[in-house]
Structure formats: C-alpha cells, structure tokens
Amino acid sequence: MPLKVIIADDSIITVKKLLVLMEGLGHQVVATASTGREAIEAYRQHRPDLMTMDISMPDMDGMEATSAIVAEFPEARIVMVTSHGQERMVIDSLDAGAKGYVLKPVRIEKLSDMIAKVMERST
C-alpha cells in the first residue's frame, strides 16, 4: 500500500535522492522540508504515514523537531536519516520518539526494510 511521505532534509541532493527512492518503492512524497520548523508545519498540514528526518538542519535540528512532532502526534512514524559518526545523536533521536534510522548514503533495500519494520511495529 502506498504511503504518504514527507522528507525533511536541508540537503537538496538528499531530498532528490530520497524522493526517487520513495517513488521507486511506490510511495507518494506529499511534501518536503528543509528546516526543523518547516518539518513540524508540514507534518501538521499533511499528517503523513511516514516522515524521514535529517538530524542536522538549520533553525531546529531533527531531534528537536521529532520531539515536537511526537509530543503533538504520538502515533507519528519518523525515520531518522543520518551519517556515520552520529551514533549518539541517533540514540537521542530514538529517545525523542523516532521509530528507526537509516544511514547515508541511503540504499533502497535498507530504506525499504526500515519502512517495513516501522510500519509493522505500529500496527
């Protein structure tokens, strides 16, 4: 079943790559955001089935944005997208309410597996 997805990342290259991967998996990207505050607003507006969230973004990082979204929408399914070397931040993000993570560069198999795990856990 296609999911409604929001991609939050300040790198236009990463956004484009994730958009192609999500569409390749049959999902619909309903919005993108390049800051933490935009991510929160996009979530409120679109109520996606899933959101990918970069950890490092301007004005509000992905952990703060995740925490704010989960406080307002406890059922939110957020997957962190992060680089090697940010393991502590991944743990903090999971504590903030993220349901999983994938490492950059994102591969379609790992993204697909993580989406399946997150969706399975929330049913």
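Strand β3 (residues 50-54) and strand β4 run parallel and are joined by four bridges. Helices (H or I, at least four residues) and strands (E, at least two) are DSSP runs here, numbered from the N terminus, and two strands pair if DSSP finds at least two bridges between them. On the way from β3 to β4 the chain passes through α3, and this β-α-β crossover is right-handed; that is, with the strands pointing away from the viewer, the path from the first strand over the helix to the second runs clockwise. The model is a predicted one, in which local features need pLDDT of at least 70 and side-chain atom pairs count only at pLDDT 80 or more, while totals for chains, interfaces and linings use all residues. Residues are numbered from 1 along each chain as its sequence is written, and side-chain values use heavy atoms, with hydrogens and water left out.

Now for the whole sheet. It is an open sheet of five strands, in the order β2-β1-β3-β4-β5, with parallel pairing. The edges belong to β2 (28-33) and β5; each has a single partner strand, so one side of each is left without a neighbour in the sheet. On average, neighbouring strands are turned by 20° against each other, direction ignored. Axes for such angles are lines fitted to C-alpha atoms, for helices over the stretch in contact, and angles run from 0 to 180 degrees between N-to-C directions. In general, strands of a sheet pair through backbone hydrogen bonds, either parallel or antiparallel.

Strand β1 (residues 4-8) pairs with β3 in the parallel sense over four bridges. Contact means heavy atoms within 4.5 Å.

So how much of β4 is covered? Five of its five residues are buried, where buried means under 20% relative accessible area, exposed over 50%, and partly exposed in between (1.4 Å probe, protein chains only). The cover is on both faces: I78, M80 and T82 are buried on one side, and V79 and V81 on the other.

T82 makes a handy place to look around. It sits in β4, which spans residues 78-82, and is buried, with a relative accessible area of 0%. Beyond its neighbours within four places in sequence, T82 is in contact with I55, V90, Y101, V102, L103 and K104. M53 is 29 residues away from T82 in sequence, yet the C-alpha atoms of the two are 8.4 Å apart in space. Across in β5, T82 stands opposite L103. The chain gets from β4 to β5 through α4, in a β-α-β crossover that is right-handed; the two strands run parallel, with four bridges between them.

Helix α4 (residues 87-96) has V90, S93 and A96 as its buried residues. Seen down the axis of α4, these fall within an arc of 115°, so they line one face of the helix; the arc is that of the directions from the helix axis to the C-beta atoms. On the other side of α4, R88 and D95 are exposed. The buried residues of α4 pack against α3 (62-72), β4 and β5 (100-103). Just after the helix, G97 takes a positive phi of about 120°.

Helices α3 and α4 also meet each other, packing at an angle of about 10° with their axes 8 Å apart. That makes α3 roughly parallel to α4, as angles under 35 degrees count as roughly parallel, over 145 as roughly antiparallel, 65 to 115 as roughly perpendicular and the rest as oblique. On the α3 side of this meeting are M63, T66, S67 and V70, and on the α4 side M89, D92, S93 and A96.

A few backbone details turn up in the loops. R47, in the loop between α2 (36-46) and β3, has a phi near 45°, a positive value in a residue other than glycine. D59 is not a glycine either, and its phi is positive at about 65°. D59 lies in the loop between β3 and α3 and is partly exposed, with a relative accessible area of 46%. Finally, the peptide bond from K104 to P105 is cis, with omega near -5°; P105 belongs to the loop between β5 and α5 (108-121).
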